[in-house]
Amino acid sequence: MKRDPECPGRPELPPPSSSPISSSSSSSPPGEEAEGGELPPAVWIFGYGSLVWRPGFEFTSRKVGFIRGYSRRFWQGDTFHRGSERMACTWGVAYEVRGEQIAASLQYLNMREAVLGGYDTKLVKFHPQDKDAEEPILALVYIATPQNPSYLGPASEEDIAAQIIVSSGCAGHNIEYLLRLADFMRYFCPQAEDKHLFSIEEALTSILPCLYYTEESLEETASVPQKSKG
């Protein structure tokens with residue numbers, strides 16, 4: 001696993017984990033004007049990382065749910081902000097954007113996820129958590145593939161946690177990213193399992209007290225007057 005101390009613990013959906021690929025039948029990206037000059041009435045955007053708590057764009061509605069065929073993995077590096085395809089489920093939030101929200105949200109996400117994050121886009125079937133939901137919703141998702149220059153690849157949960165601890169960027173510290181994502185899964189998707197995510201959280205919380213104790217000891221040592229040799 002490549003090491004980048006600036007901001008490595010961002011999850012991706014590999015075939016990525018924590019991210020996506022363009023599979024629209026149209027040559028134009030979802031949300032752009034069709035031949036008739038009209039935008040689609042609504043676009044759904046699925047998020048499984050920081051988008052679950054900080055979308056950064058206006059939306060009409062939101063639904064908690066999952067997509068099949070992907071696993072969230074913290075294998076994507078990110079020097080600006082802060083999985084692999086398989087028969088599994090990745091839980092997150094899908095946002096419905098309409099009207100003027102469509103162009104604005106896609107422009108924002110293109111910069112946030114594609115330009116700065118190196119993510120590709122893909123259309124996937126999103127399954128809402130709502131019991132009354134009948135059909136899955138086609139949603140846009142951003143995914144990091146192994147071809148992404150910031151793709152780090154597999155590593156142990158302990159190594160990933162250690163890297164997260166020393167990583168921060170313009171969007172905040174990577175620890176916040178991990179803990180907020182774990183909280184989302186714990187409180188909004190209690191029925192779902194994400195062993196990878198919670199194993200990293202456990203490894204991180206076991207390391208932090210050791211770091212605090214070490215820093216405290218160093219501060220105490222520095223404050224003790226040193227005897228001069230004579």
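**Close-up views of the predicted model**

View 1. Cys 89 counts as partly exposed because its relative accessibility is 39%, whereas Cys 189 counts as buried because its relative accessibility is 0%; here buried means under 20% relative accessible area, exposed over 50% and partly exposed in between, with a 1.4 Å probe and protein chains only. Residues are numbered from 1 along each chain as its sequence is written. Local features in this predicted model need pLDDT of at least 70 and side-chain atom pairs count only at pLDDT 80 or more, while totals for chains, interfaces and linings use all residues, and side-chain values use heavy atoms, with hydrogens and water left out.

**View 2. The fold as a whole.** The protein has 4 helices and 9 strands, both taken as DSSP runs numbered from the N terminus (helices H or I of at least four residues, strands E of at least two), and read along the sequence they follow the pattern β-β-β-β-β-α-β-β-α-β-β-α-α. Of the 230 residues, 44% count as buried.

**View 3. Strands β3, β6 and β7.** Strand β6 (residues 120-128) runs antiparallel to strand β3 (residues 61-70), to which 3 bridges join it, and Gly 65 has Pro 128 of β6 as its bridge partner. With strand β7 (residues 137-143), β6 pairs in the antiparallel sense over 7 bridges, and Val 124 stands opposite Ala 139 in β7. Two strands pair if DSSP finds at least two bridges between them.

View 4. The structure holds 9 aromatic pairs, one of which, between Phe 57 and Tyr 95, is edge-to-face at 5.6 Å centre to centre with 80° between the planes. Rings of Phe, Tyr and Trp (its six-membered ring) pair if their centres lie within 6.5 Å, and planes under 30 degrees apart count as stacked, over 60 as edge-to-face and the rest as tilted. Phe 57, at 10% relative accessibility, counts as buried, as does Tyr 95 at 1%, and Phe 57, Phe 59, Tyr 95 and Tyr 108 form one aromatic cluster.

**View 5. Ser 167 in its loop.** Ser 167 is found in the loop between α2 (157-165) and β8 (168-169), and counts as buried because its relative accessibility is 0%. The side chain of Ser 167 reaches the backbone oxygen of Gln 163 at 2.5 Å.

Terms used: Polar contact = N/O pair within 3.5 Å; in protein donor to acceptor, adjacent residues only side chain to side chain.
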